[in-house]
Amino acid sequence: MNNIELWQSVLAQMQFHISKANFSTWFQNTEIATRDNEKIVISVPNAFSKEWLSNKYNKPILKILREIDDSIKDLAFVIKPQQGKDIQLRSVEESNRMEDAQLKFDEFKINKDTNLNPRYTFDNFVVGSFNELAHAAALAVADNPGVTYNPLFIYGGTGLGKTHLIQAVGNKISQELKKKKVKYISSEKFVSGIVSAIRTNSMESFKASLAPIDVLILDDIQFIAGKIKSQEEFFHVFNSLYEKNKQIILSSDRPPNAIAELEDRLKSRFEGGMIADVSLPDYETRLVILKTKLQEKNADLPEEILDYIAINVKKNVRELEGALNKLLIYNKINQSLDLETVKKLLKGFVFSPFDVANYKKIIETVAKFYNLEEKNLFDPTRRKEIVKPRQIAMFLLRKELKYSFPAIARKFGGKDHTTAIYAYKKILQENEENNKLTEEINLIKQKIYSG
Ligand code: ADP
Ligand code: MG
């Protein structure tokens, strides 16, 4: 394996551990500068990257490198300023070369006009009961943008295919209806666009730049929560596109009614179209997903191994893909992948409820979900916005971790354990009667188990 291949393998794995935004910020224009025996030196474009990579990513990078080649012992970073075009051309060439290996990473293939990644299509999107409504709605929108469901709102936990699905809609439209102008924007970018337009007094030209768009796709719209000014401007953008029958597609980690600090008028706009969720695939579907990914990568693995992955890696689809990639890279180098090795390699991916859902995770997730600080959950207050999340936290400790009621009471400041029993029973009962609460609890659970 040469240095280019080695580094591409590391990148292919790293992108499953960090967000896309982080990945392209810190890993674009990096490569292996030198390799002498035990030490690898990575070149990075500037001092900032150097500092960030060596502080935050040194360990995971070294770990991945060592899994590929355990003679590697040390890692360092050097700054190598970019020389404009040359580098870009070279990276295109490099990625072309890596296409043979099918273990390429595709951040650089994003379409400049639409911001869409051509990798996300309906053809390679696996459908099962866990996402069939979302898939059907997305397909309907792709066939008739602006007509069938407007807006289309897709929600669900991390790594469950939201970005894939909404980009598939965009790709299908821009391929089949060439005149339609499609734009995909992450909500983070969208908000920073609004903020800088406000600051530079150029809101009108910001809006004018959006006006020609026929299909606007905004990913992770929950990001707009709490940003009052951005919501106000977005409301106007939404209306002007909507009135002209332009299609709006949104994704979020939760349904509109569960996004705290979202203006009511936006909530009701979001609820005015089609809302569909994606959830966790079951075992059979996980197996189908693995096989689809293998086909895409032109690779193969024994049935026994695929079965092991499908049974054990169940957090989300991103993890499933990450696990598969890891095995494929190993297989490419060593070509002797047996089940024992697989078990060793996939240790970090294998799901155990006790690893994932622990006390800290539950408290952290519930607090975050309701926009509270963790300590608020323990405040001795009767305020409704605290009492409900506190009761949900108690409920989940009991239900998910089988904590005893006295143990729960102790955690919550030595309250009488009847308080914990009361909380548990109350949420249990409401959970049956109140759909909104059920949905919230499901989303919280999804977050606990998928993060
Ligand atoms: P989200 O946006 O919900 O966090 P992504 O759309 O980024 O999740 O999906 C994570 C990874 O899993 C992507 O590589 C995507 O292609 C893959 N994936 C998710 N759902 C599916 C699916 N149903 N079929 C095929 N691949 C999927
Ligand atoms: Mg996403």
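The model is a predicted one, in which local features need pLDDT of at least 70 and side-chain atom pairs count only at pLDDT 80 or more, while totals for chains, interfaces and linings use all residues. Residues are numbered from 1 along each chain as its sequence is written, chains are lettered from A and ligands numbered from 1 in the order in which they are written, and side-chain values use heavy atoms, with hydrogens and water left out.

Polar contacts are pairs of N or O atoms within 3.5 Å. A nitrogen atom of ligand 1 lies 2.8 Å from a polar backbone atom of Val 126, and an oxygen atom of the ligand is 2.7 Å from a polar backbone atom of Gly 159. For the side chain of Thr 163, an N or O atom is 2.8 Å from an oxygen atom of ligand 1. The protein covers 96% of the 550 Å² of accessible area that ligand 1 has on its own (Shrake-Rupley method, 1.4 Å probe).

Turning to the aromatic rings, the whole structure contains 14 aromatic pairs. Rings of Phe, Tyr and Trp (its six-membered ring) pair if their centres lie within 6.5 Å; planes under 30 degrees apart count as stacked, over 60 as edge-to-face and the rest as tilted. The rings of Phe 234 and Phe 270 have centres 6.1 Å apart and planes at 55°, so this pair is tilted. Phe 234 belongs to helix α9 (residues 228-243) and Phe 270 to helix α10 (residues 264-270), so the pair ties together parts 36 residues apart in sequence. Phe 234 is buried, at 1% relative accessible area (buried means under 20%, exposed over 50%, partly exposed in between), and Phe 270 is buried at 0%.

Phe 238 and Tyr 242 form a stacked pair, 5.9 Å centre to centre with 20° between the planes. Both lie in helix α9, four residues apart. Phe 238 is buried at 1%, whereas Tyr 242 is partly exposed at 38%.

Notes. A polar contact is a pair of N or O atoms within 3.5 Å; within protein, one must be able to donate a hydrogen and the other to accept it, and residues adjacent in sequence count only if both atoms are side-chain atoms. Helices (H or I, at least four residues) and strands (E, at least two) are DSSP runs, numbered from the N terminus. Buried means under 20% relative accessible area, exposed over 50%, partly exposed in between (1.4 Å probe, protein chains only).
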